[in-house]
Each structure stands twice: as structure tokens, then as C-alpha cells.
Amino acid sequence: MTETVQNLGENGYLVTYVAKSGSFATLRMYTDKLLTFDIHSYEVDNKGRAAIETLCNRLEEKMKDVLRGNIKRLKRLPAIVRGGAIDRYWPTADGRLVEYDIDDVVYDEDSAYQNIKILHSKQFGNILILNGDINLGESDLPYTQAIMGDGVEDYKGKEILILGGGDGGILYELVKLKPKMVTMVEIDQMVIDACCKHMRKTCGDVLDNLKGDCYQVLVEDCVPVLKAYAAEGRLFDYVINDLTAVPISTSPEEESTWDFLRLILDLAVKVLKPTGKYFTQGNCANLTDALAMYEQQLNKLYCPVEYSKKVVCVPSYAELWVFYTVWKK
């Protein structure tokens, strides 16, 4: 490899190594005794990756020898694979990068509203990803149970409204509980179709038809539907909001998202019976500022409400998630 050394004075040294193959490495020595070594290599098979792993092992041994045992701490990170046919890297809500065991792109299409991906994970089964956000994996029954009240609610003979829920998971679990009628309002038919075909462990057969004995699916924008229900005085025992998570940012550019969230909250409470309950997801438990801002919105509704919250581990999210129950005072 060709070696180039740059003396950065009080900022240490930068050494670059370039091979004829195009692979290269950078060695950065900082004045506070931090040393980093990065290798970039184009490898298309496991044999090439094994060779890099062997090289790293040899490098570690050489560093220990040259530095005469003065290494106080050594950390080696696994390779980040870029440009692969399958994207395995997805961020958590609080900004941590997770490498998933994705081995297949099951579905990848753009609808009029969003990009829809369904990727297969060895651990979590098929995972629905909308506009780059992980929505639900086939492993994520804890999510569905949490947003339905964790099994303590009696849905028999009740009228229920689901906002969103295009993956069919909530609807599938509800129809088992003998409700009077479940109305699901999902704007994107392509999400319904994709999940009906590729998320059967989550939705069962409920998305095969838009109407069943105790449910109906309306492929519409939920806002005008909610406004119409409020105007005609239609009330539900339960409203389950599976539309969107609480916005991560509390900065002004997110104000339109908060406006939408407040609108949904107000309309949902308007169509709740006096004894009814409103269930929704919040966000990652680490996003305390965003969650606090959401709770502030609950004090701005047209009528006083009370709420409780619960933290649940959702498998494919790789983080703890907050769920809310809201009811009229």
C-alpha cells in the first residue's frame, strides 16, 4: 500500500494507506492519546470479509506489540456494509443506529402518500417500514396488545374506531373479542394490500375483505371522517389511534405535525362516549421532551381529560415505547 503521512502539528497526525485495488485505510493519531484506524474495502463475498477480519486481528496484535502494553482501552466495531442490495441499518427514534438481520426485500413500492417497504428479518419476521420508519414487525404483538389496553378492556359488544392501522394487526386482534362493530379508517390502500399479502402473521385474513361480520375498513382520510362523525353525534366506546408517533422534534419546523396531532386528539375525544377510552402510541421512552410536549397538548382539548401511560418493549423497535390511555374527566 502507498503510505502518506500528514503532520497536523498540535492536532496530531493523519496517515493514509492506499492499495492498487482501491482499498484504503486511515490512521488518525490525536494529541490526547486517542488513536483510530479505519479500513475501507470493496468486498463482494464472505472470503473478502474474512481476509479483512484476519487483517484486523493482525493489526491489533501489532499495536499491542508496538505500544508495549500501554493500550488502556481498545474497541473494535463490526464493519458497516454500504451499497448492498439490502439495507440493514435503521435508526431508532432517539437516533441510535441499529443493524438488523435483514436478509430479503419482500416489498418496496411508492404509493401516493409514502414509500412502503416490507423487509424480512430472521428474528422479527416481516417488518413494515413507512417512509423510513419501522412501523410493525410480525414479532410485535406486544405493540398491538399495548395500544389495545393490555388485555384489561372488555371489547365484547362495543363500538370501536381505529385511525390508521393499515397493517391490520389491531383489527385482527379486535375481531377475536366479539365487538359489535369495528370501523378502521386507513388512507393508503397500497399499505393494506401489501400487508394483506406479506404480513399474514400480523393481520390474519381480516384484510382479505374490507367488510366482515363485525368490521368495516374505510379507505379514506380520517380527518373528514372524524369531522363527519362529530357533526352527526356518532360516539364510540373506544378510539385507537395508530396513525403516527409523537413528533421527535420540539422545534418550530415541526409545528404542522403538532397541529395535526392536536386536531386528531380533539376530534377523537369528541367522538368518544362519556365513559369511552382513547388509546395511542407515544414515542421512545428516551424522548422525554417530546413526550412532555405531547402531554401538554392534552390540557388544550375542548374538554378536560385525564390520562395514564405505560412503557412497553416492542421487539423490532429495539427500544422501549410509551403508550397512552386518555379519557374524559
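Predicted model: local features only at pLDDT ≥ 70, side-chain atom pairs only at ≥ 80, totals over all residues.
The secondary structure of the chain consists of eight helices and 17 strands. Its C-alpha atoms occupy a box of roughly 80 × 40 × 35 Å along the principal axes. The radius of gyration is 25 Å, whereas a compact globule of 329 residues would have a value near 20 Å. Buried residues make up 43% of the 329 in the chain. Contacts were also sorted by sequence separation. Of those between residues at least 6 apart in sequence, 53% join residues at least 24 apart.

Charged side chains number 38 positive and 48 negative. The centres of these two sets lie 5 Å apart.

Aromatic contacts were examined next. A pair of aromatic rings is described by the distance of the centres and the angle of the planes. The count for the chain comes to 10 aromatic pairs. One of them joins Tyr 294 and Tyr 324. Their ring centres are 4.9 Å apart and their planes meet at 50°, so the pair is tilted; planes under 30 degrees apart would count as stacked and those over 60 as edge-to-face. This pair links distant parts of the chain. Tyr 294 belongs to helix H8 (residues 288-297) and Tyr 324 to strand E17 (residues 319-328), with the two tyrosines 30 residues apart. Both Tyr 294 and Tyr 324 are buried. Ring pairs also link Tyr 143, Tyr 317, Trp 321 and Phe 323 into a cluster.

Methods. Residues numbered from 1 in each chain as written. Heavy atoms only, no water. Helix = DSSP H or I, 4+ residues; strand = E, 2+ residues; numbered from the N terminus. Rg over C-alpha atoms; globule rule 2.2 N^0.38 Å. Buried < 20%, exposed > 50% of the residue type's maximum accessible area, 1.4 Å probe, protein only. Contact = heavy atoms within 4.5 Å. Lys, Arg positive; Asp, Glu negative; His and termini not counted. Charge placed at Lys NZ, Arg CZ, Asp CG, Glu CD. Phe/Tyr/Trp six-rings, centres within 6.5 Å; stacked < 30°, edge-to-face > 60°.
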